[in-house]
Amino acid sequence: MEECIIKTPIGFTKIIGSADGICSVTILNSEETTTDIIPEVLEDCAIQLNEYFEGSRKEFQLKLDIKGTDFQKKIWKLLQNIPYSKTMSYLELAKAFGDVKAIRAVASANGKNPLWIIIPCHRVIGSDGSLTGYAGGLHRKQWLLEHESPYKQQSLF
């Protein structure tokens, strides 16, 4: 496995993967030293994340090597169907899975997503529109949703 650390507008990000694909993208809660030379197998991921943050990429085209249970993988696949700048509630996600009674398990799988931003778990919100649960912190979830919003807040000053 290869790994690198890149800096993003909302924190340092660790990317882990191999020739089989990207298996982990996580936001770090501390300052880290960025990687000087990004391993070749991680270059596309680092480039596409930078393009996302610059606003020029809305979909990721990466080879993924996702580790998880079959249930988690099904939920993560559903998350990849949520379009850029759109949101879905946990209840809607459970309905898309086919079992509204599985809402807690769906939320748990969402929270265990190993591919931050690439599998857009930040696009899942509460049924009332609230920003609920986000491993990277609610401030980052809000930033990501505002970043993707077609309606940019104008400065008053």
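**Exercise 1. Find the handedness of the crossing of α2 and α3, and how the two helices are set to each other.**

Step 1. In this predicted model, the crossing of α2 and α3 is right-handed.

Step 2. Locate the helices. Helix α2 covers residues 70–79, and helix α3 covers residues 90–97.

Step 3. Take the axes. They come within 10 Å and cross at roughly 115 degrees.

Step 4. Classify the angle. Angles of 65 to 115 degrees count as roughly perpendicular, so α2 is roughly perpendicular to α3.

**Exercise 2. Describe the largest pocket: its space, its lining and the classes of its residues.**

Step 1. Start with the space. The largest pocket holds about 290 Å³.

Step 2. Turn to the lining. It has 15 residues. Nearest the centre lie Lys58, Glu59, Phe60, Gln80 and Ile118.

Step 3. Sort the lining by class. It has 9 nonpolar residues, 3 polar ones and 3 charged ones.

**Exercise 3. Describe the second largest pocket, and state which elements and domains contribute to its lining.**

Step 1. Its space is about 230 Å³.

Step 2. The second largest pocket is lined by 16 residues. Closest to its centre are Gly111, Asn113, Cys121, Ala135 and Gly136.

Step 3. Sort by class. This lining divides into 9 nonpolar, 6 polar and 1 charged.

Step 4. Check the domains. Domain 1 (2–54) and domain 2 (70–148) each supply at least three residues to the lining of the second largest pocket.

Key:
Residues numbered from 1 in each chain as written. Predicted model: local features only at pLDDT ≥ 70, side-chain atom pairs only at ≥ 80, totals over all residues. Heavy atoms only, no water. 1 Å grid on protein atoms, 1.4 Å probe; cavity = no way out; pocket = protein on both sides within 12 Å on 5 of 7 lines; lining within 4 Å. Points joined across faces, edges and corners; volume = space filled by probe spheres on them. Nonpolar A, V, L, I, M, F, W, Y, C, P; charged D, E, K, R; others polar. Helix = DSSP H or I, 4+ residues; strand = E, 2+ residues; numbered from the N terminus. Domains from an automatic or database assignment. Axes fitted to C-alpha atoms, helices over the stretch in contact; angles between N-to-C directions. Parallel < 35°, antiparallel > 145°, perpendicular 65-115°, else oblique. Left-handed = near helix turned anticlockwise from the far one by under 90°.
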